[in-house]
Amino acid sequence: VVAAVGSEGDALQHAAEELKGDREVVMSAVQRSGRALGHALPAARADREVVRLAVHQHGPALQWASEELRADRDLVLAAVGADGKLLRYASDRLRADPE
């Protein structure tokens, strides 16, 4: 499965549920396609490194990050720096922050 998602990240959607939470499998998938984060289990969506890699690969992947990570200033700034429209995926608190 790691090889499959490593060559086609969106293949994660077809993986067994337990693999959608496996850090190695999800890291391999999001490295290829940040959109794969949308198919990952909540634990993977709450993993800062997994989300950072997904957002680096595909900025809008921020929408699938855990609420806690959508409130992570550094992570959100990295995404928004590449595309200001991604601010819509940030937490309410960050969207209201004037800085």
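1. A quick definition to start, as burial comes up several times below: a residue is buried under 20% relative accessible area, exposed over 50%, and partly exposed in between, with a 1.4 Å probe and protein chains only. At 3% relative accessibility, L86 counts as buried.

2. A word on the ground rules. This is a predicted model, in which local features need pLDDT of at least 70 and side-chain atom pairs count only at pLDDT 80 or more, while totals for chains, interfaces and linings use all residues. Residues are numbered from 1 along each chain as its sequence is written, and side-chain values use heavy atoms, leaving out hydrogens and water.

3. On to the fold. The protein has seven helices and zero strands, and its pattern along the sequence reads α-α-α-α-α-α-α. Helices here are DSSP runs of H or I with at least four residues, strands are runs of E with at least two, and numbering starts at the N terminus.

4. Overall dimensions come next. A compact globule of 99 residues would have a radius of gyration near 13 Å, and the protein agrees, with 13 Å. That radius is taken over C-alpha atoms, and the globule rule is 2.2 Å times the number of residues to the power 0.38. Along the principal axes, the C-alpha atoms fill a box of roughly 45 × 20 × 15 Å.

5. Now surface and burial. Of the 99 residues, 40% count as buried. The protein exposes about 5500 Å², and carbon and sulfur atoms supply 49% of this area; the areas come from the Shrake-Rupley method with a 1.4 Å probe, and for residues only the protein chains shown count as cover.

6. Contact means heavy atoms within 4.5 Å. Among contacts with a separation of 6 or more, 38% join residues 24 or more positions apart.

7. R48, V51, R52 and V55 of α4 make the contact with D74, L75 and A79 of α6. By class, this set splits into four nonpolar, no polar and three charged residues. Ala, Val, Leu, Ile, Met, Phe, Trp, Tyr, Cys and Pro are nonpolar, Asp, Glu, Lys and Arg are charged, and the others, Gly among them, are polar.

8. Back to L86, which sits in the loop between α6 and α7 (92–96). Apart from neighbours within four places in sequence, L86 touches G59, P60, L62, A79 and V80. A79 also belongs to the α4–α6 contact.

9. Two other loop residues are worth a look. S33, between α2 and α3 (42–45), is buried at 4% relative accessibility; its C-alpha lies 6.5 Å from that of Q57, 24 residues away in sequence. H58 is in the loop between α4 and α5 (67–70), and beyond neighbours within four places its contacts are G34, R35 and W64.

10. Finally, A11 lies in the loop between α1 (2–7) and α2 (23–32). With a relative accessible area of 21%, A11 is partly exposed.
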